[in-house]
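Trainee: I would like to learn how to read a few features of a protein model. Could you take me through them one at a time?

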Number of protein chains: 2
Amino acid sequence: MLNRVRSALAHLVSSGGAPPPSPKSPDLPSATTAPPAAAPEAPKGPPARPGSRSGAPAKTTEARTSFCRPTFLQLSPGGLRRADDHAGRAVQSPPDTGRRLPWSTGYAEVINAGKSRHNEDQACCEVVYVGGRRSVSGAPREPSRGQGLCFYYWGLFDGHAGGGAAEMASRLLHRHIQEQLKDLVEILQDPSPPPLCLPSTPGTPGSSDPSHLVGPQPCWSVQKEVTHESLVIGAIENAFQHMDEQMARERRGHQMEGGCCALVVVYLLGKVYVANAGDSRAIIVRNGEIIPMSREFTPETERQRLQLLGFLKPELLGSEFTHLEFPRRIQPKELGQMMLYRDQNMTGWAYKKIELEDLRFPLVCGEGKKARVMATIGVTRGLGDHNLKVCGSTLPIKPFLSCFPEVRVYDLTQYEHCPDDVLVLGTDGLWDVTNDHEVATTVDRVLSAYEPNDPSRYTALAQALVLGARGTPRDRGWRLPNNKLGSGDDISVFVIPLGGPGSYS
Amino acid sequence: MLNRVRSALAHLVSSGGAPPPSPKSPDLPSATTAPPAAAPEAPKGPPARPGSRSGAPAKTTEARTSFCRPTFLQLSPGGLRRADDHAGRAVQSPPDTGRRLPWSTGYAEVINAGKSRHNEDQACCEVVYVGGRRSVSGAPREPSRGQGLCFYYWGLFDGHAGGGAAEMASRLLHRHIQEQLKDLVEILQDPSPPPLCLPSTPGTPGSSDPSHLVGPQPCWSVQKEVTHESLVIGAIENAFQHMDEQMARERRGHQMEGGCCALVVVYLLGKVYVANAGDSRAIIVRNGEIIPMSREFTPETERQRLQLLGFLKPELLGSEFTHLEFPRRIQPKELGQMMLYRDQNMTGWAYKKIELEDLRFPLVCGEGKKARVMATIGVTRGLGDHNLKVCGSTLPIKPFLSCFPEVRVYDLTQYEHCPDDVLVLGTDGLWDVTNDHEVATTVDRVLSAYEPNDPSRYTALAQALVLGARGTPRDRGWRLPNNKLGSGDDISVFVIPLGGPGSYS
C-alpha cells in the first residue's frame, strides 16, 4: 500500500501554518507505528504451513516475521532473497512442479519499488474443513448427514505501516471464519429455513430440527425469514471482527503494529462470497463481461460515515480536527469570509462563514489516492491499526476505521461457466495503474493463448497482470508500454477460474 | 401515507407480553400526534397563491388548514367538497380551461379510502425567480449579465399524522430553495469554477471574480474542484434543513403537527435535480427505458444508519429499545437461548445468547410496508415530526429521522428527448400497487393515444396512473382489474414532459 499511511501533519493544525511538503516515499510516519519489518521484527517462528486442516482455535503462539512470503510459493532461502529485491522486482508464482493451488488458481506477486523494506502484501489460499462444534458436555455432536463442511478460501492482505497485520491475517483469518461456521454446519446443510432461535441446553444436539423453532409472536405479523446465505455473510463479518480483536489483544506481545486491508473469497455450497475491507478489488470477467465484486473503502467513499462519527462523538476529534470538510486548507486570515464546506448530511457544497473552529484540520481531506483521515491514513476499513495515532498527538485513529467487510455473493450455479471465466483479486498495486477493461483484455489475450484445459494458464494470467502493472525499468523508473509510471507498490493477484479444470463439486 | 405512523406498542416492551393486534386502518395513534386535520385546524388564512414570484423570505404568517388542495387545481367550494369525499374518490386534475402548469405538466390526485379525514398529500408546481442577494450595505448588487435566475419546481408532499406539515412544505419549501440560491446567482452563471472562498466585506460585490480565489495551500497538493452542480445540490439540501427548522420553530403557534415525505424536482440551467426524503418515488421513462431517479428511505433501507445512531447514543433508546435487530420478538422465557440478530455493522445474521437487554423492543422491526422505527413510523426521512413520541413514553423519535434528501441529477441536454419521454413523480399511494414496468406501459398506452403536441396528454396520463392505482369500487373495496385491492391511500402524481410542448429554454 503505497503511502497510504502518511506522516501526519497535525502539529501544524493548531498553529494554522502551512505544513511542510509531505514525504515522497517513506511510509512510516511516526514513533507510534512500527518500522517496516525491520530488525525488531526478525523471524521468531516458522511461517504457517499451507493446506493445514487443523480445526484448532485461532491463536498466535509466537511472533512472526513480516519478511516471509506465502508458503504456497515454496521459496528457498535464495528465492526468498530474490522476492525481497526491490531492484529486480522479480515476479513470484507457485512453482509449476509443486502441488497446484485449489481450482488451479493462478497467483503472482511482486515487491514494491522501495517504498517499504519488505513486501507488505500477504496471501493465503486454503481448503478448510469445518466440523460441527462439540456440545457443551464435551461429547461430539451426534453425526448427522452433514458430517462437516468444506470451504475454499483465498485471501489478499495489503499491509501498511509494517507487514505484521497482513502476515497475521493471512495466517489466521480463515481460522476465524472456520470458527464462526462451526455452529452452522448442520443448519447450512438443512434445506429448511434456519431456525431463528436455538436452545442452549448443555448436551442438547442440533439446531436444524424445526421443532426448535419457537412460534412467531403477535408483535410482528410475520417473523423475518433469514436465509442460509445471510448466515454465511454474518459468519464472515464476525470473523473479521474477531480477527481484529485478536490483533488488539496480541499486538503488544508480538510487536504487531500497523494494519492491513483484507480481500477474501469464500466458496461454500455453490456460492462465492467476496468480502472486502479496504481498497483491494475483485472483479469477475465472464464471457468478456465485467462484474464488480467489491467496492473500495476510502476517506472519500466513507466520508459521510466518518463525519457523522466525528459529529456525534466530537471527543474523538480532540481539539485538532473538525468534522466539516473544506475544499482546501483555511488560513487564519480568512476568518469571517465565506468558504465552501460540506457536513455529514451533505453531498453538495455550500458556503459558510469561517469561524475559529473551522481553522482546525478537517477530519477528511484530499482527493483520490491522496485522500486521508486525520491527515494520516488513506483506507477506512481493514484489520489492525490499533496503535495508529495522529502524529505528534495521542489522538487514536482506530475509532474511525471499521474492520467490517462488505460481502457480495455470486451464485456459481446460476450460470454455465467456461474455462475463460475468472474471478480476479488484486491489491491496489494492480488497480492503481490498471482498470477493469484492461484486465478483461488481458484475460482474453492470455487465456486464448493456452489450451482451455491447461491448468498453468491462470498462473500465466496472474503473472501477465502483475507484469503489466509493474512495467519495466526504464528512464529511472518502472514504466508501462505507454511510458507512464508503473505501480511502485507491492502488487499481488489471484486469478480464480470459475469454470476451469479445478474440481469443486 | 397509509398507516405509516402506527400506534406504538412500547408500553408492552418492558412487560414482554404480547401486544394486541395492531389497528387495521386508523392512522393516528396517540395524543402526541395531531388529529387528522380536524376542527382545531380549520382555515385561519387563505391558501398560498400559485405562480407567485415574490422573493420574500419564507415565513409563516398564519396557520393554514390541511383541508386545502393545491391551488393550481382551482377548486370551487363544491369541487373542494368532492375532492374530500372518501366514498366517491373522484380524481382531481387542473381544469382544461385554465392556465396550464409549466411545461404542460400533468397532475392528478385522489383522496384516500378513509384512512384519514382529509387528503394528506399536497403538491406544488411553480416557476421561481431568484434575484441576487442584496449586499450587506443594503444596496442591490451591481447588475451583471446574470440578472437573476429562474428555476422550475415541482413538489409532492405526503403527510402523516395530520396534513399540516405537507401543507406547509408545499407552500414554503421552494422559497427556502430560492433563498439558498440567492448567493449563487452570479456564480452559477459564470462558466469558471466556483470560487472556494468569498470575501464577506460589507458592500463588496460579487464572488464570481476569480481574483477572489485564495490560492491553494500546501497542505493539500491540489484544492478540490467544486462543480456548479454540487452547489445546487448543496442549496437544495440546506433548503430542506431550513424548512425542517422552520417547522420546529413554528409548530406550536400553528398546531402544525405530524410530518411529511418530500419529493422535489428543480430544473435549473439545463439540469433536472430530483431530491427525495421519504418513500415517494420518481422515475424517468425515456424511449421505453426506465431510469430510477430516487430511492426510498425506510427503516429497512436505513437500518444500519439508525442502529449506528442508537449504538453511539444509547440515551436516545431510553430503557425501552435495543439497537440490535432480531427476526422476531423475543419472549422472556427464551433468556439464555441462542437467537439470530444483527447489529449496525452487519448485513448478515448470526446467533447470540439472549440477555436481559435483548428483551427490549428493537429500534427497527418488521418487514416491507410494516417496517417501523421504534414501533411507530415507517419512513426515516422527511420534514416535521418534531413532536413525534413513542406512545406511552416521552421518548422522541425525531433524532432518528433525517430531513436531508438524496439528490439525483439528470442532464437534460445530454439526450434528444421526444414528447413521450417523461419524469413521473408519485407518492407511495401510486407505488404501493404499481411497479415501474406498469407505469412505463401506461405511459406508452396513454401517450400514443394523443397527438404528440396535445398538451392535455400529460394530464390524461397522470389521471390514468392515479385511476390505475385506485381501482374501482367493487366487492366492498377499491379493486384493480386483477381483483387485487387498489391503493386505499392518498395518491398524487406529476407527469413532467422532458421533450414536450413546454418551452424551457
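Mentor: We go through domains, one arginine, ring pairs and charges over rings.
Mentor: This is a predicted model, where local features need pLDDT of at least 70, side-chain atom pairs count only at pLDDT 80 or more, and totals for chains, interfaces and linings use all residues. Residues are numbered from 1 along each chain as its sequence is written, chains are lettered from A and ligands numbered from 1 in the order in which they are written, and side-chain values use heavy atoms, with hydrogens and water left out.

Trainee: Which domains does the assignment give for chain A?

Mentor: Domain bounds come from an automatic or database domain assignment. For chain A, domain 1 is 71-132 + 147-191 + 227-297 + 403-497, and domain 2 is 302-378. Their C-alpha centres lie 34 Å apart.

Trainee: Is Arg171(A) buried or exposed?

Mentor: Buried means under 20% relative accessible area, exposed over 50%, partly exposed in between (1.4 Å probe, protein chains only). Arg171(A) has 8%, so it is buried. It belongs to helix α2 (residues 164-182) of chain A. Helices (H or I, at least four residues) and strands (E, at least two) are DSSP runs, numbered from the N terminus.

Trainee: With which side chain does that of Arg171(A) make a polar contact?

Mentor: A polar contact is a pair of N or O atoms within 3.5 Å; within protein, one must be able to donate a hydrogen and the other to accept it, and residues adjacent in sequence count only if both atoms are side-chain atoms. Here the partner is the side chain of Glu167(A), at 3.0 Å.

Trainee: How many aromatic pairs does the structure hold?

Mentor: Rings of Phe, Tyr and Trp (its six-membered ring) pair if their centres lie within 6.5 Å; planes under 30 degrees apart count as stacked, over 60 as edge-to-face and the rest as tilted. Over all chains there are 20 pairs. In one, Phe72(A) and Phe494(A) have ring centres 6.1 Å apart and planes at 45°, so the pair is tilted. Phe72(A) sits in the segment before α1 (77-83), Phe494(A) in strand β20 (residues 491-497), 422 residues apart. Both Phe72(A) and Phe494(A) are buried.

Trainee: Why is the pair of Phe321(B) and Phe361(B) called edge-to-face?

Mentor: Their planes stand at 85°, with centres 6.0 Å apart, so Phe321(B) and Phe361(B) are edge-to-face.

Trainee: Where does a charged end sit over the ring of Trp431(B)?

Mentor: The test is NZ of Lys or CZ of Arg within 6 Å of the ring centre and within 35 degrees of the ring normal. Arg281(B) sits over Trp431(B), 4.4 Å from the ring centre. Arg89(B) sits over Trp478(B), at 5.0 Å.
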